Amino acid sequence: MAWTNYQLFLAGLMLTTGSINTLSAKWADMFSAKGCHDDPEHPFSHPFLQAVGMFLGEFCCLVVFYIVLCHDRRSPEPRINPGQRFNPLLFFPPAMCDMLATSIMYVALNMTSASSFQMLRGAVIIFTGLLSVAFLGRRLIVSQWVGIMITILGLVIVGLADFVTGHKDDSHKLSDVITGDLLIIMAQIVASVQMVLEEKFVYKHDVHPLRAVGTEGLFGFIVLTLLLIPMYFIYVGSFSNNPRQVLEDSIDAFCQIGHKPLILLALLGNTVSIAFFNFAGISVTKEISATTRMVLDSLRTLVIWVVSLALGWEQFQGLQVLGFLVLLLGTAVYNGLHRPVLARIPWCAARMDSEESSSAERERLLNDDRVQGADT
């Protein structure tokens, strides 16, 4: 079935804003400017302040939700379901996971390329799959295990590409590249914990997606903004690139923005794009499918890689192309995109039907157990 103009708009919006989100964050990292007290020019390295901006963008989703809800309630026939009442503190644990994962990833983005940053984020399906087995009692089918193994292979290839590039790239030291890649993988473990927590405790409350994203953004924005105060005094030595060598020097960041206002444009691009990206992603899932959202997210990695090459931010690496294709294949297999092809083969079709039936039965039994546990 052909897409409508609105669906095409949503797909384009998700692809564009998702790419801008990563590219603008990397663009901010590439600036150098004077700081406070006549400090010499130094790189704009303020990952935690950037993370605050991202949570501000997510919080905007909550503002948009209430604006749209108020407008909808004034109409003769309201169409938006605000969802059932719930305790907002349910979102606090996943919001803290989001805060930690985002902060780690912005630290890592200072150390590695934008394309590798985006590709390595594909590791989240590995840890989400494993944690869903351990804590949600889910049973992964054979194709999902195969997808996880393919994804691991893709991550190894991307890591090797970064290792090779690290010897040739003057903008990042090899030790920084390796550390950055490992931090991204670590952040995906935290992000997968967030997803499992959301599925186990939050989604059963039928919360509107924009409200869910906005509430987590509110918690993340408040907590991380308060944490900027002690971070200003925590000395971390050479791990930090700011003149005072503290964990985060927000005052230095604002001084650098004052000396080079283009940095503010990059930060605003990051904040605004994450708000529109979340809206577009939720809408794509609703209007088209979750599979389409996954495909668009993979295409976002390709766009980021091509733009980074065009701008001269990184060098072409054939090994990185191979890694991207393997990661794309692993994600596709894990999400079942191979099924329409295999469904044409009688033996494979029968095998897939059997796996789906057993998986669905197990999910039903687990849900029954949860309901009985809640009743008691």
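## Ground rules

The model is predicted, so local features need pLDDT of at least 70 and side-chain atom pairs count only at pLDDT 80 or more, while totals for chains, interfaces and linings use all residues. Residues are numbered from 1 along each chain as its sequence is written, and side-chain values use heavy atoms, with hydrogens and water left out.

## The disulfide

There is one disulfide in the structure, a term used here for a pair of cysteine sulfur atoms within 2.5 Å. Cys36 and Cys255 form it, with their sulfur atoms 1.9 Å apart. The bond ties together distant parts of the chain, 219 residues apart: Cys36 is in the loop between strand S1 (32-33) and strand S2 (42-43), and Cys255 is in helix H9 (residues 250-259). Helices (H or I, at least four residues) and strands (E, at least two) are DSSP runs, numbered from the N terminus. The torsion about the S-S bond of Cys36 and Cys255 is about 90 degrees, so this disulfide is right-handed.

How buried are the two ends? Cys36 counts as buried at 10% relative accessibility, and Cys255 as partly exposed at 23%. Buried is under 20% relative accessible area, exposed is over 50%, and partly exposed is in between (1.4 Å probe, protein chains only).

## Aromatic pairs

The count comes to five aromatic pairs. Rings of Phe, Tyr and Trp (its six-membered ring) pair if their centres lie within 6.5 Å; planes under 30 degrees apart count as stacked, over 60 as edge-to-face and the rest as tilted. One of the pairs is Phe92 with Phe219, edge-to-face at 5.5 Å centre to centre and 85 degrees between the planes. Here too, distant parts of the chain are linked: Phe92 belongs to helix H3 (residues 92-109) and Phe219 to helix H8 (residues 209-231), 127 residues apart. Phe92 is partly exposed at 34%, whereas Phe219 is buried at 16%.

Tyr232 and Phe233 make an edge-to-face pair as well, because their ring centres are 5.1 Å apart and their planes at 85 degrees. Tyr232 is partly exposed at 22%; Phe233 is exposed at 61%. Tyr232 also has the charged end of Arg244 over its ring, 4.0 Å from the centre (the rule: NZ of Lys or CZ of Arg within 6 Å of the ring centre and within 35 degrees of the ring normal).

Gln194 sits in helix H7 (residues 174-202) and is buried, with a relative accessible area of 11%. Leaving aside neighbours within four places in sequence, Gln194 is in contact (heavy atoms within 4.5 Å) with Pro94, Cys97, Asp98 and Glu216. Of these, Cys97 is itself buried, at 14%.
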